[in-house]
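Please read the points below alongside the sequence and the model.

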Amino acid sequence: MKKIFTIAAIAALALSFASCESFLDTTNYWSKDSSNFPVNATDADQMLSGIYNNLNVSIGSNVHVNHFLWSVAASDDALGGGGQNDQTMQAEDLLLNFGTDMYNDFYVNRYKGIARANAAIEAMPNCGVADKLNQYMGEAFFLRAWFYYELASMFGNIPCPITTTADPTLPQISGEALWGQIIEDCKIAADIMPATQSIGDGHVDKYAAEALLGRAYLFASGFYGLSDITLPAYENEAIGVSIAEGTKITKSDVGKYITDCVNNSGYSLVGDYHNLWAYTNRCSIEDPKNPWNGKGYKWVEDDGARNPEAMFVIKFNTQPSWGTTIGYSNQTCLFMGVRGQSLDNGECMPFGTGWGMCPVSPKLVDDWKAIEPNDPRLDASIISVDKWASYKFGGDSNIQESGYYQTKNMPVIAYSEENEKYMKSFTNVMFPGLTWSSGNEDNFQLNCVNDMVMIRFAEVLLMDAEINGNADSFNRVRSRAGLPTKPLNDENLRNERRWELAFEGVRFNDLRRYGEDYAVAALDKQEGGKVWNNGVEGTNNASKYNGGYGNRYKATKGFVSIPSSQISLSAGAGEEYKFTQNEGWGASFDFPGW
């Protein structure tokens, strides 16, 4: 009997079965379901858009517990921050819980994305898009790999359905089995997509797949101690893929993909590091209150231009609204914005109002100044509140306020001569004719539409240095920063990644793959740093919470807790739970608040 699912059900197929009755085995003339969708090129485009949509869903629904913000807060480069009642943010920093279902929304949303990717991989060959099939399928494989990369990094031990008809009670897998699937998806995407760079519309290309392959391999090989990683057997005649049982991918294999990306992708480094970030946009940089004013900086994405360094980005638009479409506003910027200050007159120019998540650890600033004192990326990546004369600590019950904000993902404001005021987003000044959804004009919570860059070409160059031993790529990154060459060794490379990629969501996994001793020492350095809680100066005394950073890392290895809802759902009627909780988690690890 042929099963027919509605389009909404397709998005949840990885989590549940759908049932049908014989009378449903007829043509549906009223709505789209699996009997009549997808069948043509338009349907294929819609199905692919549905997978990309999941990237925005996780930025709109409980954004502060998605992979990106978790990985920044949990690293040694940032604290939790937020306000007195924002225990979730602070728990992420301390590797603790704030409720046993803290990460459930993100978990569920990412499996919905995986289900959409699975459905596309199965159905796309039947859509009559032979000329685009490999590109479309490659994008679906990439996005499935990305979703699993985030889930595997956070939860470690998870089910891994790869077809739309997967049993929702599949066992948890981890280690080589899980990361082999992620790496295989990256490899397939890189192998089948044409050697053509993306046109900058948010879609990925083969070179983004090569970059994610390198990132995933570095974590899996380092964290799990795997030099050769076994890939699962897979056949797909439609795209000419045949991976035999027992096939392994080696460091040398991965190195070839990275070399191809470096030499043939066409991506390049932006001339000045400052110009990568939205605060140098033409509408904000000329304001005399902007600390970077008069230094010749110019945002590479001014007026809709394309960033030649951005390989994988999440795009936003001007039509978000409260509810299901809020993810089309860059809520990551909002959550990391300046908290508790009156900004109507540009007092914290060029940055706007937000919830104060992920204040910079003062220990990062100390390390950076001590190890690379002449690095202009420090100035480009971090701003001290000393730059703002009217700044007051504790303006909105701020917690772990360090006196430093990161600058890469922030609301950026600009003065409008026409409106005679500072607008909540520079885009309202740069694109004055842009139509916002009704009632959302100049709304600080909904107007952030600047891209989130998830993979940059600079990271590929540093992977080339690490995997292939290419010192030229390592020093190419340093040269862009105006720094002299250094020998290529582990210590220098690890520092270079820390400076170049600060606050871009990769540092925490770097700590983990460098080994437990390295991670514990780095995380424990946050202890005792100067912070203000509710405006009162003190120190970051994390050790009073379950022994502090290093102790929690030893207990958890950096994995978060499996949501209790998912553990409960893993049991059938009258059965024991099939899912097991990760090590280091239980009721005694719930964060009570600062």
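1. Basis of the note. This is a predicted model, in which local features need pLDDT of at least 70 and side-chain atom pairs count only at pLDDT 80 or more, while totals for chains, interfaces and linings use all residues. Residues are numbered from 1 along each chain as its sequence is written, and side-chain values use heavy atoms, with hydrogens and water left out.

2. Helix 4. Helices (H or I, at least four residues) and strands (E, at least two) are DSSP runs numbered from the N terminus. The buried residues of helix 4 include Gln87, Glu92 and Asp93 as well as Met89 and Leu94. They pack against helix 3 (67–74), helix 11 (331–335) and helix 20 (549–556), where contact means heavy atoms within 4.5 Å. Leu95 follows helix 4 and has a positive phi, near 55°.

3. The nonpolar core. The largest nonpolar core holds 170 residues, among which Phe142 and Phe155 touch the most other members. Such a core is a set of buried Ala, Val, Leu, Ile, Met, Phe, Trp, Tyr and Cys residues joined through side-chain atoms within 4.5 Å. Helix 6 (residues 133–155) gives the most to this core, with 16 residues. Leaving aside residues up to four places away in sequence, Phe142 touches Ala189, Val204, Ala208, Ala209, Leu212 and Phe312.

4. Strand 5. All 5 of the 5 residues of strand 5 (residues 310–314) are buried. Strand 5 runs antiparallel to strand 10 (residues 452–456), and 4 bridges join them; two strands pair if DSSP finds at least two bridges between them. Phe312 stands opposite Ile455 in strand 10.

5. Aromatic residues. A search of the whole structure finds 33 aromatic pairs. Rings of Phe, Tyr and Trp (its six-membered ring) pair if their centres lie within 6.5 Å, and planes under 30 degrees apart count as stacked, over 60 as edge-to-face and the rest as tilted. The pair of Phe223 and Tyr224 is edge-to-face, because the ring centres are 4.9 Å apart and the planes stand at 80°. The rings of Phe223 and Phe559 are also edge-to-face, since their centres are 5.6 Å apart and their planes at 85°. Phe223 lies in helix 8 (residues 206–224) and Phe559 in the loop between helix 20 and helix 21 (564–569), so this pair ties together parts that are 336 residues apart in sequence. Phe559 is buried, with a relative accessible area of 11%, whereas Tyr224 is partly exposed, at 26%. One aromatic cluster includes Phe142, Phe223, Tyr224, Phe312 and Phe559.

6. Gly202. Where does Gly202 lie? Gly202 is found in the loop between helix 7 (175–192) and helix 8, and counts as buried at 9% relative accessibility. Not counting residues up to four places away in sequence, Gly202 touches Tyr52, Val313 and Lys315. The C-alpha atoms of Gly202 and Pro376 are separated by 29 Å, the two residues being 174 residues apart along the chain.

Note on methods: Buried < 20%, exposed > 50% of the residue type's maximum accessible area, 1.4 Å probe, protein only.
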